[in-house]
Amino acid sequence: MTEFDSNVLGPDSALPSSLVEAARAAVRVEVFTGAGMSADSGLDTFRDAQTGLWSKVDPQALASLDSWTRDPDPMWAWYLWRATLARRAAPNAGHEAIARWGAADSGTDVHVTTQNIDDLHERGGSEEVAHLHGSLFDFRCTICEKPAAVPEFPEEPVERLAPPACSLCGNPVRPGVVWFGEALPVKDWERAEEAMRGADLVVIVGTSGVVTPAANLPLIALERGVPILEISPDDTGLTSVSTWSWRTTAAKGLPTLVSAAAD
Ligand code: APR
């Protein structure tokens, strides 16, 4: 799709009445987010040129079980540094708007399914969050999967750090994130599917929509004829399935949408 396609809304577009009505009528909203959701909190996305995390590292070298098995130290250092950055970041106006929308007295149930491994949705006030790709703040043994304590996070980035040994079997403790080729957490996946099946409005925020199976989730809502709003400054793999694709950012678009829904 290009900027000239009918479903694309410019950054300063007035919201179409069809979108405002859908947001006001929605009682079960599913918000599906990616790295762009945390970009306004200062955290790198993966695929944005220049700034994206992957433009600085080789994903295969830092996000696969093979690399971990071969040499865990660079990966351990990288994930702990990302945890430090995530801790230093603050939820942005987009995270807070989502939490406001789903607040107990709002009359609207809002569920979040995120591909992000930071905890900014929770710190922004969202309570119903499914993490499809795990969390920077969960740790477990690589082999026996015994949960492990949250380690100290480094104050500065370092090239290598040796992961601690599991207290039960002595194997290296790993980050509780999903690496390329690994299965997604079943409970979070099932909650995400259920949310897409029950939603009467889907809002996709800040994902390039290129990583499956996560990127296939909005298709469940599409098949049910549920309206889908995408918020992303750029065209994505999900623009073509979106009813509206709004070229704005999470921190600008979500507060505008949520206040329109509340009017
Ligand atoms: N607000 C909203 N969206 C934004 C913003 C912003 N301020 N800044 C950038 N974006 C958009 C980009 O246009 C892009 O479409 O966010 C998207 C980020 O895409 P990716 O970097 O590919 O991140 P994501 O889609 O979450 O990646 C999916 O890939 O590497 C794996 O496991 C990793 O969970 C990740 C998955």
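Visitor: Helices are DSSP runs of H or I with at least four residues and strands are runs of E with at least two, both numbered from the N terminus. Where is Leu132 found?

Guide: Leu132 is found in the loop between strand 4 (129-131) and strand 5. Please note that this is a predicted model, in which local features need pLDDT of at least 70 and side-chain atom pairs count only at pLDDT 80 or more, while totals for chains, interfaces and linings use all residues. Residues are numbered from 1 along each chain as its sequence is written, and side-chain values use heavy atoms, with hydrogens and water left out.

Visitor: Is Leu132 buried or exposed?

Guide: Leu132 is buried, its relative accessible area being 0%. (Buried means under 20% relative accessible area, exposed over 50%, and partly exposed in between, with a 1.4 Å probe and protein chains only.)

Visitor: What is Leu132 in contact with, leaving aside its neighbours within four places in sequence?

Guide: With those neighbours left aside, the contacts of Leu132 (heavy atoms within 4.5 Å) include Phe32, Thr113, Val178, Leu184, Trp189 and Leu217.

Visitor: Let us turn to helix 1. Which residues there are buried?

Guide: Helix 1 spans residues 17-25, and Leu19, Val20, Ala22 and Ala23 are its buried residues. They lie on the same side of helix 1, because they cover an arc of only 160 degrees around the axis, the arc being that of the directions from the helix axis to the C-beta atoms.

Visitor: And on the other side of helix 1, which residues are exposed?

Guide: Ser17, Glu21 and Ala25 are exposed there.

Visitor: What covers the buried residues of helix 1?

Guide: The cover includes strand 1 (8-9), helix 6 (93-101) and strand 7 (201-205). Strand 8 (228-231), strand 9 (244-246) and helix 10 (250-262) belong to the cover as well.

Visitor: At roughly what angle do the axes of helix 1 and helix 10 cross?

Guide: Their axes cross at roughly 70 degrees and come within 8 Å. (Axes are lines fitted to C-alpha atoms, for helices over the stretch in contact, and angles run from 0 to 180 degrees between N-to-C directions.) Helix 1 and helix 10 are therefore roughly perpendicular to each other. (Under 35 degrees counts as roughly parallel, over 145 as roughly antiparallel, 65 to 115 as roughly perpendicular and the rest as oblique.) On the helix 1 side the contact is made by Leu19, Val20, Ala23 and Arg24, and on the helix 10 side by Leu257, Ala260 and Ala261.

Visitor: How about helix 6 and helix 10: at roughly what angle do those axes cross?

Guide: They cross at roughly 20 degrees and come within 7 Å. That makes helix 6 roughly parallel to helix 10. Residues of helix 6 that meet helix 10 include Ala97, Ile98 and Trp101, and among their counterparts in helix 10 are Leu254, Pro255 and Val258.

Visitor: What about handedness?

Guide: Helix 1 passes helix 10 in a right-handed crossing, whereas helix 6 passes helix 10 in a left-handed one. (A crossing is left-handed if the near helix is turned anticlockwise from the far one by less than a right angle, and right-handed if clockwise.)

Visitor: New topic: how many salt bridges does a search of the whole structure find?

Guide: The search finds eight. (A salt bridge is a side-chain nitrogen of Lys or Arg within 4 Å of a carboxyl oxygen of Asp or Glu.) In one of them, Asp71 pairs with Arg160, with the closest N and O atoms 2.9 Å apart. Asp71 lies in the loop between helix 4 (65-70) and helix 5 (72-88) and Arg160 in the loop between strand 5 (134-141) and strand 6 (173-177), so the pair ties together parts that are 89 residues apart in sequence.

Visitor: What are the closest N and O distances for Arg123 with Asp119, and for Arg197 with Glu193?

Guide: For Arg123 and Asp119 the closest N and O atoms are 3.3 Å apart, and for Arg197 and Glu193 they are 3.7 Å apart. Arg197 and Glu193 are separated by about one helical turn because they are four residues apart in helix 8 (residues 186-198). Elsewhere, salt bridges that share partners join Asp71, Asp73 and Arg160 into one network.

Visitor: Where is Asp73 found?

Guide: Asp73 is found in helix 5 and is buried, with a relative accessible area of 18%.

Visitor: Lastly, which peptide bond is cis?

Guide: The bond from Thr212 to Pro213 is cis, with omega near 5 degrees. Pro213 has its place in the loop between strand 7 and helix 9 (217-223).
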